[in-house]
Amino acid sequence: MRVQVSRSSYLVLVSSSAVFVTFRILQWRARSRARKTVERVKEMVEENQPLIVYWDLSVRERILKAAIRRASKWMSLNEDPKPMVGQVGGAAVHKRPVLTLNPDYVLKPLLADHRGIREIAFYESLKILSNNPTNQTYSTFLTGKQKEKSPLLKQAGEVFDTLALAFAISIQDPVVTESEKALKDAWKVVKKEVEALHRLSKFTAPYYGVIGQPGVSHAPECPFGVTDDAHLLLQDLTSNYSKPCVIDLKLGTQTFEPDAPPEKQERELGKYPEQAEFGFRIVGMRMYDPDHPDADEKGFRCFKKPYGRSLKSRDQILDALRTFLCAGVEKPVIASEDKRIAEDGVNNFLTESVRCKTIANLLVQLRQLRRWFEENKSLRFYASSLLLVYEGDTSKDNGSQDAATAKMIDFGRVRRELGGDQAYRVGLRMLNSCLGEILDQEEERLGKHR
Ligand SMILES: Nc1ncnc2c1ncn2[C@@H]1O[C@H](COP(=O)(O)OP(=O)(O)OP(=O)(O)O)[C@@H](O)[C@H]1O
Ligand SMILES: O=P(O)(O)O[C@@H]1[C@H](O)[C@H](O)[C@@H](OP(=O)(O)O)[C@H](OP(=O)(O)O)[C@H]1O
């Protein structure tokens, strides 16, 4: 009898120990799985990091291959691209110019360093999300993994982990419950970025992939797989214009990344210290002004980098923008076959009214871009440019003479920063106030003509 009791208590002891140990194992497994999952999602959109982990070979190869495939699907270089005639900014115009290709493409030379692969990744992310703006698409883009990634349970592919998590959730294990909540929050951050990138396409040039290099390079001089022959294939933002007037503005109060080496920081700060106050600098501009003594044989005036860096006050910037818009310039009325123009100075009147609409058009687009930047809470654009284009040919009378475009270009240094890009916003505000002021002055002058 005594033996029987002790055997049954022994059995009870053993089975309860087994239950306890199983419970502990399941709990441990569920907790560690839950924590890892949260970490993985958070890592995908980690602050103070570039958009992709380009130092991961598999990530950059996947993205570069996708970009090459994208361009090669429908484009082969049957004709020779030509150096762009109206390029206003860019690293080394004389060495590696931006090229153009019929009917309306530009080929932007990519850098073989991290900036090349980062710019490709940026455009790829916009493209991929423009078709399918979901967390799943973005997560596959960033990590290469295809699994469904929503609640914890769905993420646990293996039977044991699923069991462990189901068990932990059913007993409301505090650590797993907390992780479940953290995971939801992490996915919300991803969702915000997805939405921001999705909406940003509207403010960038259409992108068609990478052209010029047949595949990923493994040569030592191409540490990120991108060669010197690689070019981004983009839509030429000037192609719809008969006399495109273009200004390249480098936006933001700082043009180097926080982890830039001290020499780079010094070089950038020295280029244009006023950038910190104004939030942009004029990199270059080119406008159609055929009557001007400095106009080239095509009727354009061009201003290069030193000009932008010489502008030390708001008034000087205002003047530069006026010059760009050929605004506020009292031109002599040139005798013309057109009586309307020759007799009473209506030529000026026409030009000014056209410019007012152009400026108003630009202001509308800038307002939309400003709204995007107000909502953006995670992306920062170092050393990126805003390209403004308007029609310099005022002879047309079909509305196209008022056309204007404002698009962002140059994305080799996009990264995540908490709070978004306040520095870009400083530049947009300044630009907005300058253009607003020029418009007011022009309208006032126009009123006097009436
Ligand atoms: N999509 C486009 N459509 C028309 N022109 C473009 C386009 N992209 C670039 N350009 C022209 O090329 C110039 C240089 O472009 P971008 O700023 O991208 O080059 P970059 O070499 O990366 O410049 P940075 O030296 O500032 O890094 C612009 O100022 C503009 O004149
Ligand atoms: O914008 P990023 O990505 O920093 O790249 C820089 C950009 O191409 C600048 O146009 C160029 O300076 P300049 O226009 O003054 O020639 C600079 O050269 P630098 O770093 O050697 O000054 C580049 O590194």
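How far does a backbone N or O atom of glutamine 235 lie from a nitrogen atom of ligand 1? Please go on to the rest of the shell around ligand 1.

Reply: The distance is 3.0 Å, from a backbone N or O atom of glutamine 235 to a nitrogen atom of ligand 1. That is a polar contact (a pair of N or O atoms within 3.5 Å). This is a predicted model, in which local features need pLDDT of at least 70, side-chain atom pairs count only at pLDDT 80 or more, and totals for chains, interfaces and linings use all residues. Residues are numbered from 1 along each chain as written, chains are lettered from A and ligands numbered from 1 in written order, and side-chain values use heavy atoms, without hydrogens or water.

Oxygen atoms of ligand 1 make contacts too. One is 2.8 Å from a polar backbone atom of glycine 89. In the side chain of aspartate 248, an N or O atom is 2.6 Å from an oxygen atom of the ligand. Alone, ligand 1 exposes 630 Å², and the protein buries 91% of that (Shrake-Rupley method, 1.4 Å probe).

The shell holds 18 residues (a heavy atom within 4 Å of the ligand). Val88, Gly89, Lys108, Leu237 and Asp248 are the closest. By class, nine are nonpolar, four polar and five charged (Ala, Val, Leu, Ile, Met, Phe, Trp, Tyr, Cys and Pro count as nonpolar; Asp, Glu, Lys and Arg as charged; the others, Gly among them, as polar). Domain 1 (2–211) and domain 2 (241–448) each give at least three residues to this shell; the bounds come from an automatic or database domain assignment.

Note on methods
A polar contact is a pair of N or O atoms within 3.5 Å; within protein, one must be able to donate a hydrogen and the other to accept it, and residues adjacent in sequence count only if both atoms are side-chain atoms.
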